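Me: I would like to go through a protein model step by step. Could you show it to me first, please?

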Amino acid sequence: MGRELIIIRHGEAEHLVGDDPLTGGWTDTPLTALGRAQALRTGFALAAEPPESGFGFWCSDLLRARETAERIGAALGRTPVPDAALREFNNGIAAGMTKQQAHTHAAPLEGHVGDWRPYAGGENWREFMARVNRFAEAHLSEGSHLVVCHSGTAFNLVFWFLGLEERYLGQVYTDLDPCGIIRLRTSAFGENTIRCLNDRSHLVTPPG
């Protein structure tokens, strides 16, 4: 069996829309109607080109990721396993606040971005990366896996899979739109490769 990691961001969630949107992070909101449709389309796309048989199926335990994973799982005939380690960046006291409110509580960026703790009670990026890496080392080191999570979590998983050094924090980032797909594989020569980043073609092309 080859090694493959498929990473999907949750669909559009309620905190992302409206005139005064909420912060992300540990703010826990459900999918919008569009987000539910995006998740269904993503499930159809993966059913047409599924991971290898016996793949692990994981998701963040936050509502928007679980709802997305459940809809994808319905198309694949699989049930996702939720895990809090796959949550988005812990934004501490800013969870549930509007972006405007959170801005007034944010600490200024000083020093290396990995050490920046923007909100009291939350993580800095090194702590976030370490949390995701512990999960990945324990569950994703062998075989094929499908992970439904968040943009920041996905970024850390890409870093982990490719073996990128921490010194690149703050210099590169991985864009991932709602229900965008990242596919990573280990080649026959042992090379960790990127097959696609932020693939959204399934969201603009009618399924089937």
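Me: How many bridges join strand 2 to strand 4, and do they run parallel or antiparallel?

Reply: Four bridges join the two strands, and strand 2 and strand 4 run parallel. Strands are DSSP runs of E with at least two residues, helices are runs of H or I with at least four residues, and both are numbered from the N terminus. Two strands pair if DSSP finds at least two bridges between them. Please note that this is a predicted model, in which local features need pLDDT of at least 70, side-chain atom pairs count only at pLDDT 80 or more, and totals for chains, interfaces and linings use all residues. Residues are numbered from 1 along each chain as its sequence is written, and side-chain values use heavy atoms, with hydrogens and water left out.

Me: Which residue in strand 4 is the bridge partner of Phe 57?

Reply: The partner of Phe 57 is Leu 146. Strand 2 is also joined to strand 3, in parallel, by three bridges. There, Ser 60 has Asp 83 as its bridge partner.

Me: In what order do the six strands form the sheet?

Reply: The order is 3-2-4-1-5-6, in an open sheet with mixed pairing. Strand 3 and strand 6 (192-199) are the edge strands, each pairing on one side only.

Me: Where does the antiparallel sense come in, for strand 1 and strand 5?

Reply: Strand 1 (residues 3-9) and strand 5 (residues 181-186) pair in that sense over six bridges. Ile 7, for instance, has Ile 182 in strand 5 as its bridge partner. Helix 2 (residues 63-76) packs on the sheet, touching strands 1, 2, 3 and 4; contact means heavy atoms within 4.5 Å.

Me: Back to strand 2. How many of its residues are buried?

Reply: Five of its five residues are buried, where buried means under 20% relative accessible area, exposed over 50%, and partly exposed in between (1.4 Å probe, protein chains only). Gly 56, Trp 58 and Ser 60 point one way, whereas Phe 57 and Cys 59 point the other way. In a regular strand the side chains alternate between the two faces of the sheet.

Me: Now helix 4. Which of its residues are buried?

Reply: They are Trp 125, Phe 128, Met 129, Arg 131, Val 132, Phe 135 and Ala 136. These residues cover an arc of only 160 degrees around the axis, which puts them on the same side of helix 4. The arc is that of the directions from the helix axis to the C-beta atoms.

Me: What covers them, and what is on the face turned away?

Reply: The cover includes strand 2 (56-60), strand 3 (81-83) and helix 5 (151-162). The face turned away from the buried side carries the exposed residues Arg 134, Glu 137 and Ala 138.

Me: What about helix 1: which residues are buried there?

Reply: Gly 35, Gln 38, Ala 39, Thr 42, Gly 43 and Leu 46 are buried in helix 1. Seen down the axis, they fall within an arc of 140 degrees, so they line one face of helix 1. On the other side, Ala 33 and Ala 48 are exposed.

Me: One last topic. Where does Leu 86 lie?

Reply: Leu 86 lies in the loop between strand 3 and helix 3 (99-105). It counts as buried because its relative accessibility is 0%.

Me: Which residues does Leu 86 touch?

Reply: Not counting residues up to four places away in sequence, Leu 86 touches several residues, among them Trp 58, Cys 59 and Ser 60. Its contacts also include Arg 131 and Phe 135, two of the buried residues of helix 4.

Key:
Axes fitted to C-alpha atoms, helices over the stretch in contact; angles between N-to-C directions.
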